[in-house]
Amino acid sequence: MKQVVQNYKSGELAVLDVPVPGCKPGGVLVRTAYSLISTGTELMKVSEAGMSMLGKARSRPDQVAKVMQSVATNGVPATYRKVMGKLDSYTPLGYSLCGVVEQVGTGIDDVAVGDLVACAGNEHALHAELNWVPKNLYARVPDGLAPRHAAFGTVGSIALQGVRRGEPQLGEVALVIGLGLIGQLVVQLLAASGVRVVGVDPDPVRCELAERLGAAACGDPASAAVEAAVAELTGGHGVDQVYLAAGGGSNQPVELAARLCRDRGRVVDIGKCRLDLPWNAYYEKELDVRFSRSYGPGRYDPEYELEGRDYPIGYVRWTERRNLACFLDLLARGSVDVEPLVSHIADFDDAVETYQRLKDGDLKAVAVLFRYPEQKEEAEAPAVAVPAVRRSGKASTPARSGKASVRLAFVGAGNYATSMLLPHLAERDGVTLSTVVTTTALSAANAKRKFGFAEATTDLDAVLGDPSIDAVFVVTRHSSHAELTRKALLAGKTVFVEKPLALTEDDLAGVLAAVEESGNDRLQVGFNRRFAPLLQEARKRFGARTGPASLRYLVNAGRLQHGSWYLQQGTEGSRFAGEGGHFIDTASWLLEADPVSVYAVATSGNEDLQVVLRYPDGSTATISYVTTGAAGFPKETLDLVADGKVLRLDDFVRASVYDGRRKRWVSSRLPKARDKGQSAELAAFIKAVRTGGPMPVPLESLVATTSATLAVQAGLVGGAPVTLARAR
């Protein structure tokens, strides 16, 4: 089997072939599905290994003391050989994983072969294909919890034990210093406990993430905003408890803790930071300084960890194993969400490169997972195949250059067509509204009168057979979009279909079959937001990016009125299936790629959705589609964070770009009305029809967005990420 190792003397990292561990009594043999890189603890160890011998000594004074004691006892030559022998050997990395039980040792009766378990321990939950794990260091994964999320079990237990040491009470205020992986989890656990949280970190991206995950306010430790937030939340008294989740050699965290903590408050050290306590400050407030020892009671006790001797629950309520099981339960019930923390998922074979990228700063991440060779994402939930776009040898619809006017037909004339599309087309030069087709004569007559169509009819076939019509707009109810689009493509027409393109995978396949059969790929779906002038300008001002991005898109959709046909899910699909493509397309356009996986969760009754999209470069987009928000709150707000920059869009009326500590650009004035891009989108479509040039959005992108939208329902049913596998 393969395992990640490091030589502490040379700093070399490698993936070695090593023997499979035996399945000893009192434990289980686990085949790893996902293991988590602790971007704090492990990177510190990796960085130390690259130091000179003097640097190593300075970073580990505790080990230097042991060496000096050995010199006194055994002499210099023997001590030197012992130390060099230990340094010049491979040591393992990793301590948090999820996997499948492959073999059960004697004395184990609480799990069976095939069970999914989360495992802990820097000697037992290693970055390796197989691990032997003793009884008190694993816990069964609750049904429905994705393996990649269960892999957070150990670091979650560390955060949970830290919070327990702080003894939070309902209504208290806490300060979390350091918003790395542990700090982000502490924020969520405190928020779930009814505690208001202020976060501190010099990284604005991590501050923004913590606020999204429940913090009341976050800021740079040097910022007056942090002290102001504490004063406001506590009435000037100071926070009830401080959690030190920062690392490094600065003494600033403990000094800040003393300044912002209330009289007789509690300070809990979770991370490995400098602790030169300013005596006067801590004495005058009589602060209670506590340490949190890793995953909980049982840690470093060989009788508990290796021999499986549990502590009676009446005396020790929360042990290592009980903390692990508790954190998994919190994940399964949605009280804690680790998906936004996943910055990157790397194949296990790329472990060395991944560590190097993290060390060099090329990969900026909160949490990184290794996915193992035999654990394809398809095993978590059925993959949705993104259909391949195939074209026959036939030519697409020829260019219409030289024509005085582009002749259009509309199939459907409902509210959206008459309010958002036709007003932009009726007065546009070079456009002739030829025919409107509806199922009822009156609606066709109304559209003819209001917008000046030459003809109104209920005969679709006559329109599709009219060679003078250049393009057909499909603006009907959702369930008919795919079939009408298919017919129009086969008739040789350029097609503009309002979203969604399809409600099922079979419908989408039917559209693509028409493309292949006819050779006509002249298709546009009404994803207009990428054409919005304000968003286009904001993207231009944001500029190119080099690292992965994090995108948050809040859609305050509101409740539908009673009787709306959107509620007819049996025939018209879910509400998100109908309009979710808008937001997925916008995210993909901003991130310049198509998603590779979709994860979706919903509140009871599926009223509010959280959709997480993952992209090839490690970027993520989180779409919060909610119907239970306040009606007066803006409908759409978007934040794009990458490379130390933030793009902010407020409901298509205001946009800004932040760079470092200042705003680099703010839209100069508020537009008279929200421009979500319909006019610019229609202009691009008409130009493509007239000239025969490329369509505004590649067909492959339209298909990828549609497949991702359809995958949301599959993800809700399966309760796990859905891979978007590209068909060939």
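1. The model is a predicted one.

2. The rest of the geometry of this pair is as follows. Helix α6 spans residues 153-166 and helix α7 spans residues 181-192; they pack at an angle of about 55°, and their axes are 9 Å apart. That angle makes α6 oblique to α7. On the α6 side, the residues that meet α7 are Val-155, Gly-156, Ile-158, Ala-159, Leu-160 and Val-163. Their partners in α7 are Leu-181, Ile-182, Leu-185, Val-186, Leu-189 and Leu-190. Sorted by type, the residues of this contact come to 11 nonpolar, 1 polar and no charged.

3. For the chain as a whole, the secondary structure amounts to 24 helices and 32 strands. The protein chain has 728 residues, and 52% of them are buried. Of the contacts between residues at least 6 apart in sequence, 69% join residues at least 24 apart.

4. Which residues of helix α18 are buried? In this helix, residues 481-490, they are His-481, Ala-482, Leu-484, Thr-485, Ala-488 and Leu-489. Around the axis they cover an arc of only 165°, which puts them on the same side of α18. The elements they pack against include helices α17 (460-464) and α19 (505-518). Strands β18 (406-411), β21 (471-474), β22 (494-497) and β23 (523-525) are also among the packing partners of these buried residues. Just after α18, Gly-492 has a positive phi of about 85°.

5. Thr-504 lies in the loop between β22 and α19. Thr-504 is partly exposed, its relative accessible area being 36%. In sequence Thr-504 and Ala-711 are 207 residues apart, while their C-alpha atoms are 9.8 Å apart in space.

6. Helix α20 (residues 533-542) has Leu-534, Leu-535, Ala-538 and Phe-542 buried. Viewed down the axis of α20, these buried residues fall within an arc of 95°, so they line one face of the helix. Gly-543 follows α20, and its phi is positive, near 85°.

7. How do α20 and α22 lie relative to each other? The two helices pack at an angle of about 30°, with 11 Å between their axes. Angles under 35 degrees count as roughly parallel, and α20 and α22 are therefore roughly parallel to each other. Leu-535, Gln-536 and Arg-539 of α20 make the contact with Thr-586, Trp-589 and Leu-590 of α22. By type, the residues of this contact divide into 3 nonpolar, 2 polar and 1 charged. The crossing of α20 and α22 is right-handed.

8. Helix α22 also packs against helix α24 (residues 699-718), at an angle of about 130° and with the axes 9 Å apart. This makes α22 oblique to α24. Their crossing is right-handed. From α22 the contact uses Phe-576, Ala-577, Gly-580, Gly-581, Ile-584 and Asp-585. From α24 the contact uses Ser-701, Thr-705, Ala-708, Thr-709 and Val-712. The residues involved split into 5 nonpolar, 5 polar and 1 charged.

9. Is Gly-581 buried or exposed? Gly-581, a residue of helix α22, is buried because its relative accessible area is 5%, and buried means under 20%. Leaving aside residues up to four places away in sequence, Gly-581 touches Phe-527, Phe-576, Thr-705 and Thr-709. The C-alpha atoms of Gly-581 and Thr-706 are separated by 6.3 Å, although the two residues are 125 apart along the chain.

Definitions and conventions
Residues numbered from 1 in each chain as written. Predicted model: local features only at pLDDT ≥ 70, side-chain atom pairs only at ≥ 80, totals over all residues. Heavy atoms only, no water. Axes fitted to C-alpha atoms, helices over the stretch in contact; angles between N-to-C directions. Helix = DSSP H or I, 4+ residues; strand = E, 2+ residues; numbered from the N terminus. Parallel < 35°, antiparallel > 145°, perpendicular 65-115°, else oblique. Contact = heavy atoms within 4.5 Å. Nonpolar A, V, L, I, M, F, W, Y, C, P; charged D, E, K, R; others polar. Buried < 20%, exposed > 50% of the residue type's maximum accessible area, 1.4 Å probe, protein only. Arc of directions from axis to C-beta. Left-handed = near helix turned anticlockwise from the far one by under 90°.
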